[in-house]
Amino acid sequence: MRFMILVRSVPAFETETQPVADDPAHADMYAAMAAYHEELARAGVLLDAAGLKPTSAGWRIRYGAGDQRTVIDGPFAEAKELVAGYTLIQVRSREEALEWARRFPNPVGAGQPAEIEVRQLYEVDDFPPGDTTDRFKNIGTL
């Protein structure tokens, strides 16, 4: 079972111009994140993890009528609705994922308000057998 731990953004993340690793004020949080991810790796459950640059460096594609697509450059409002980073784990159960998530360091720093969200990924067995499912399996996305 794969689960994604999503780090919710905060306004400070959206104004960053450099990774928190370069900021001495965030050294403890950065070290805690490294230790946590090392622990996940040692346990053999870490699949991937990354922080995301602020939305000012990104864009959205809005789909309209027919094949119309509009590009909307960032930044985007409402930081609390944005994702700032993720950790992807593979575990045996929902309970194991919950235990790992409970140990996730506060992404903003100890004692600061923050939120993470955990979502389970679909697995190949969740989809009906058939040609389209086989196509996704062949490219390694399911």
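Helices, of at least four residues in state H or I, and strands, of at least two in state E, are DSSP runs numbered from the N terminus, and these names, such as E4 and E5 on either side of the loop that holds Pro 75, are used in every legend below.

**View 1. The whole protein, shown as a predicted model.** The protein contains four helices and six strands, and from the N terminus on these elements follow the order β-α-α-β-β-β-β-α-β-α. Taken along the principal axes, the C-alpha atoms fill a box of roughly 50 × 40 × 20 Å, while the accessible surface comes to about 9,900 Å², with 52% of it belonging to carbon and sulfur atoms. Of the 142 residues in the protein, 27% are buried. Among contacts between residues at least 6 apart in sequence, 71% join residues that are at least 24 apart.

View 2. Among the elements, helix H1 (residues 11-14) has the lowest mean pLDDT, at 83, whereas H3 has the highest, at 98. Where pLDDT is low, the predicted coordinates should not be read in detail.

**View 3. The open sheet of four strands.** The strands are arranged in the order E2-E5-E1-E6, with antiparallel pairing. Strand E2 (46-51) and strand E6 (116-120) form the edges, each of them pairing on one side only. From one strand to the next, the twist averages 15 degrees. Helix H2 (residues 27-43) packs on this sheet, where it touches E1, E2 and strand E5 (83-90), and the direction of H2 makes about 160 degrees with that of E2. Helix H3 (residues 94-102) also packs on the sheet, touching E1, E5 and E6, and the direction of H3 makes about 30 degrees with that of E1.

**View 4. Strand E1 and its two partners in the sheet.** Six of the seven residues of E1 are buried, so this strand is largely enclosed by the rest of the structure. Toward E5, the antiparallel pairing of E1 is made by seven bridges, and in this pairing Ile 5 stands opposite Thr 87. Toward E6, strand E1 (residues 2-8) is joined over five bridges, again in the antiparallel sense. Two positions can be followed in the pairing with E6: Phe 3 has Gln 120 as its bridge partner, and Met 4 stands opposite Arg 119.

**View 5. Arg 8 and its polar contact with Glu 117.** Arg 8 has its place in strand E1. The relative accessibility of Arg 8 is 18%, and because buried means under 20%, Arg 8 counts as buried. The side chain of Arg 8 makes a polar contact with the side chain of Glu 117, at 2.3 Å.

**View 6. The hairpin of E3 and E4.** Of the five residues of strand E3 (residues 59-63), the number buried is zero, so E3 lies largely in the open. E3 and strand E4 (residues 69-73) run antiparallel and are joined by five bridges, with Tyr 63 standing opposite Arg 69 in E4. Five residues lie between the two strands of the hairpin, and in this hairpin Gly 66 takes a positive phi near 60 degrees.

**View 7. The cis peptide bond between Gly 74 and Pro 75.** The peptide bond that joins Gly 74 and Pro 75 is cis, with an omega of about 10 degrees. Pro 75 itself has its place in the loop between E4 and E5.

**View 8. Arg 92 in the loop between E5 and H3.** With a relative accessibility of 71%, Arg 92 lies over the 50% cut-off for exposed residues and therefore counts as exposed. Arg 92 and Val 45 are separated by 47 residues in sequence, while in space their C-alpha atoms are 9.3 Å apart.

Terms used
Residues are numbered from 1 along each chain as its sequence is written. This is a predicted model: local features need pLDDT of at least 70, side-chain atom pairs count only at pLDDT 80 or more; totals for chains, interfaces and linings use all residues. Side-chain values use heavy atoms; hydrogens and water are left out. Buried means under 20% relative accessible area, exposed over 50%, partly exposed in between (1.4 Å probe, protein chains only). Two strands pair if DSSP finds at least two bridges between them. Axes are lines fitted to C-alpha atoms, for helices over the stretch in contact, and angles run from 0 to 180 degrees between N-to-C directions. Contact means heavy atoms within 4.5 Å. A polar contact is a pair of N or O atoms within 3.5 Å; within protein, one must be able to donate a hydrogen and the other to accept it, and residues adjacent in sequence count only if both atoms are side-chain atoms. Accessible areas come from the Shrake-Rupley method with a 1.4 Å probe; for residues, only the protein chains shown count as cover. pLDDT is the predictor's confidence in each residue, from 0 to 100.
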